[in-house]
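Here are some notes for a colleague who is new to this structure.

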Number of protein chains: 2
Amino acid sequence: MTETQKIVIIGGVAAGPKICAKLLRTKDFNCKIDLYTEEDMISYSACGLPYFIEGLIEDVNRLIVRTPQQFEEKGANIHLNKRCTKILPQEHKIVIADTKTGIIQEVEYDKLAITTGARPIVPPIQNLHLQNIFTVRKIKDGIEIRNKIREENTKKAVIVGGGYIGIELLEAFYKNGLEVVLIERDEHILSIFDPEISDMIKDEIVKMSQGKVNILTSEAVIAFEGDDRVQRVITSKGNIIETDIAVIATGVTPNTEIAAAAGIELGVSNAIRVNNRMQTSIKDIYAAGDCTENYHLVSKNYCWIPLGSTANKEGRCAAINIAGQYDAFPGVLGSAVTRYDGLSISLTGLTETEARKFGFDVVSSVMTKKDKAGYMPGAENITIKLVVDKRLKKILGAQAFGNGDADKRVNTVASAIMADQTLDNFLHTDMTYAPPFSTAVDPLISAALLISNQIYK
Amino acid sequence: MTETQKIVIIGGVAAGPKICAKLLRTKDFNCKIDLYTEEDMISYSACGLPYFIEGLIEDVNRLIVRTPQQFEEKGANIHLNKRCTKILPQEHKIVIADTKTGIIQEVEYDKLAITTGARPIVPPIQNLHLQNIFTVRKIKDGIEIRNKIREENTKKAVIVGGGYIGIELLEAFYKNGLEVVLIERDEHILSIFDPEISDMIKDEIVKMSQGKVNILTSEAVIAFEGDDRVQRVITSKGNIIETDIAVIATGVTPNTEIAAAAGIELGVSNAIRVNNRMQTSIKDIYAAGDCTENYHLVSKNYCWIPLGSTANKEGRCAAINIAGQYDAFPGVLGSAVTRYDGLSISLTGLTETEARKFGFDVVSSVMTKKDKAGYMPGAENITIKLVVDKRLKKILGAQAFGNGDADKRVNTVASAIMADQTLDNFLHTDMTYAPPFSTAVDPLISAALLISNQIYK
């Protein structure tokens, strides 16, 4: 039996609990696990908050994957309301402050895992102190927003930011009968999509919302106004928008200040640089989840794409390596999905814009087609954009949206990209067909054929 | 300008019309196209017939992809009710008989495409001449069955055969309020799945059907009985089952007699052997669709898996090569999907049974998991079986079923197999995640991890 290893984990949302759970399941690894979080709960689905706000989930506890008790029963020590203030790599120690009592303690580790996640960026808007202005990251944010939109006199809402969270809140607010204005500083909402795709999505959202939703682009919020609580939003174009609630969803930034202070190397967007075993630049310190940088398998560049699915994979990889075994996490494709009401919105790999930036010889196609046989009830349009390198004949990325089954088709492309598939081979992929599920020539194959026709003509 | 080529196509359901349509779109290819079919319509979705029978599609014309008129307007000649009785390869001619007048004619070709499809196999059951006994292949079959099940005194049905068509008819009949007995000669329904998966699907179907559906296995139908019309079905176990209608769906056989008579080489199941340009063993004769053999990309063996999606791909490939350009169709994975009510049933690649038969060193996993975050409304179970070769670490196949989103996940695996993906790489595939669409660790990844744990432990 090996000597007991002291494993310390800081951060408790996704990657941290994953490391903890995986280590607890690892046989022949003798360890004592201590997980510290500044929050009062751990292991919850932050991605589920918009659906809790919407009211699709009644009990917030359903968002909790595992309770501290469940971890403790298996032998881990979970420390709530404890913030890590300092890492001392030379001494293999961290400093912990109790967020309630302020009491400081030092904790020794043999291996340390940093899983401190990310936090919302709040732009410099005037009067942020007013009531009824929120960000969405933690469970308590979700509870407060949900309570607020259910109050009788909450009729109007402003969402600042048109990324995934902004769109998901838009659904939640629209479905709760609010009139909503979403304000995006950039020229396009969902700016990780190509501009023409973003614009099609925007038009579709507005069309679906029967006048209850307004989306402003190229417009920034410069001030909130009101007595005590927010009543008006002032934009860079001088618009004055009345509102009863405002939510800021303008992106996130990694919680890496204590890592940086300890001398750990940071990368893109100040996320922690890790190798493919999730090891940081300092011995015996690992990192995983939203606080870490990612390697992009298509661009072959570093990026920062914080996502719950990646956090889980990285957490597993970190745990295996912490336990002295070997695992490598190769990197990401940036695959993501969201929805607005019935509209699925999804992408993987590089957009055309990104692909050109990285120097690929791009050819692309955009195609709208029914997701199943046109004569079947429930057949709906999906629009697919495929991006291919003309010389390499490699698939670089896919974007899809529609009321039909768009997201799983993006996964079919993700699977191809992951295997470095060529266009020529991909377009012969034997996909399942039956009238309730697809067309005889699947929309993905049609999109690939369109590109093939461009290349070979 | 090249000399006008005389292109003759025999067969009009899927591959034939596809060849015709693709040739009509081909620039710089000067041709006269004549398509002959013994039926009175062309270019229809035979796969849609069960849904027409069910009543999901009211107008049978919606199953028609393109009418003869649409083809004729573009310049092709469509000849209905004309059966090809002989191919004369030496003379580059075929013999055509008018099915109504019996008049015989000879037709010259420069290039011939055989797309004669397949027809139902009818086992030697006694009293097949009785009324209300059907097979399902052509539009008229669909109309007759639909009319029959809508008659007031049609209350009970027997389906002979538990393959895809049998299951689809089961849905159609069950949804129309009939009491149905499905009788399968083999030990398992859907015998292209592994036995334990077939059995789980069977149990699920029976459970969903509230006593209205009975499935008998290891039992053959030996006789129909009744006065004029079928009233009873007698089985090999001596069961006597009362019924008002019987449908035989015991499989199909390729229509290749005239090809064989002309000396064209046949392969597995008497399907026409073609190379990857869809050329038969005789010069200037091509074949595509259900009448042709397939190359299986995983087993590296020839097989016969007649499917509409493959017919479309082969038709396209044949047309390009007929037009003097180059295209290759690499082969199939046997991907297929069907459903029973809300239950999706899907597979790709090899089952464990097949993989062992072909000599792979098989490891497999079966796993049931929610298709989306468990707290989301509409989250449903899916069961996935993955089959992997332990030494090659190659993914060989996947089977999936469930009320959740099973079929598109099978396509994600199909895409990986098509690219010769390894298990080690596949389990890091960056799949999209959001609570309404999947779990943070997608069921496919979970299934792959299960196998990885078996291999590396």
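1. In chain B of this predicted model, helix α1(B) packs against α8(B) through B:A15, B:K18, B:I19, B:K22 and B:L23, which meet B:A311, B:N312, B:G315, B:R316, B:A318, B:A319, B:I320 and B:I322.

2. Helix α1 of chain B covers residues 15-25 and helix α8 of chain B covers residues 308-322; their axes come within 8 Å and cross at roughly 40°.

3. Chain A has a contact between α1(A) and α8(A). From α1(A) come A:A15, A:K18, A:I19, A:K22 and A:L23, and from α8(A) come A:A311, A:N312, A:G315, A:R316, A:A318, A:A319, A:I320 and A:I322. Eight nonpolar, two polar and three charged residues make up this contact.

4. For the chain A pair, residues 15-25 form α1 and residues 308-322 form α8, with axes that come within 8 Å and cross at roughly 40°. The two helices, α1(A) and α8(A), are therefore oblique, and they cross in a right-handed sense.

5. Next, the contact between the chains. Chain A contributes 66 residues and chain B contributes 65 residues. About 5,500 Å² is buried between chain A and chain B, and carbon and sulfur atoms give 59% of that area.

6. Which helices meet across the two chains, and at what angle do they cross? They are α10 of chain A and α10 of chain B, each spanning residues 407-418, with axes that come within 7 Å and cross at roughly 20°. That angle makes α10(A) roughly parallel to α10(B), the cut-off for this term being under 35 degrees. The crossing of α10(A) with α10(B) is right-handed.

7. On the α10(A) side, the contact uses A:K408, A:R409, A:N411, A:T412, A:S415 and A:A416; on the α10(B) side, it uses B:K408, B:R409, B:N411, B:T412, B:S415 and B:A416. By class, the residues of this contact are two nonpolar, six polar and four charged.

8. Two salt bridges are found across the interface of chain A and chain B. B:K408 forms a salt bridge with A:D405, with the closest N and O atoms 3.5 Å apart. B:K408 is also one of the residues through which α10(B) contacts α10(A).

Technical notes
Residues are numbered from 1 along each chain as its sequence is written. Chains are lettered from A and ligands numbered from 1 in the order in which they are written. This is a predicted model: local features need pLDDT of at least 70, side-chain atom pairs count only at pLDDT 80 or more; totals for chains, interfaces and linings use all residues. Side-chain values use heavy atoms; hydrogens and water are left out. Axes are lines fitted to C-alpha atoms, for helices over the stretch in contact, and angles run from 0 to 180 degrees between N-to-C directions. Helices (H or I, at least four residues) and strands (E, at least two) are DSSP runs, numbered from the N terminus. Angles under 35 degrees count as roughly parallel, over 145 as roughly antiparallel, 65 to 115 as roughly perpendicular and the rest as oblique. A crossing is left-handed if the near helix is turned anticlockwise from the far one by less than a right angle, and right-handed if clockwise. Contact means heavy atoms within 4.5 Å. Ala, Val, Leu, Ile, Met, Phe, Trp, Tyr, Cys and Pro count as nonpolar, Asp, Glu, Lys and Arg as charged, and the others, Gly among them, as polar. Buried area is the accessible area (1.4 Å probe) that two parts lose on being put together, summed over both. A salt bridge is a side-chain nitrogen of Lys or Arg within 4 Å of a carboxyl oxygen of Asp or Glu.
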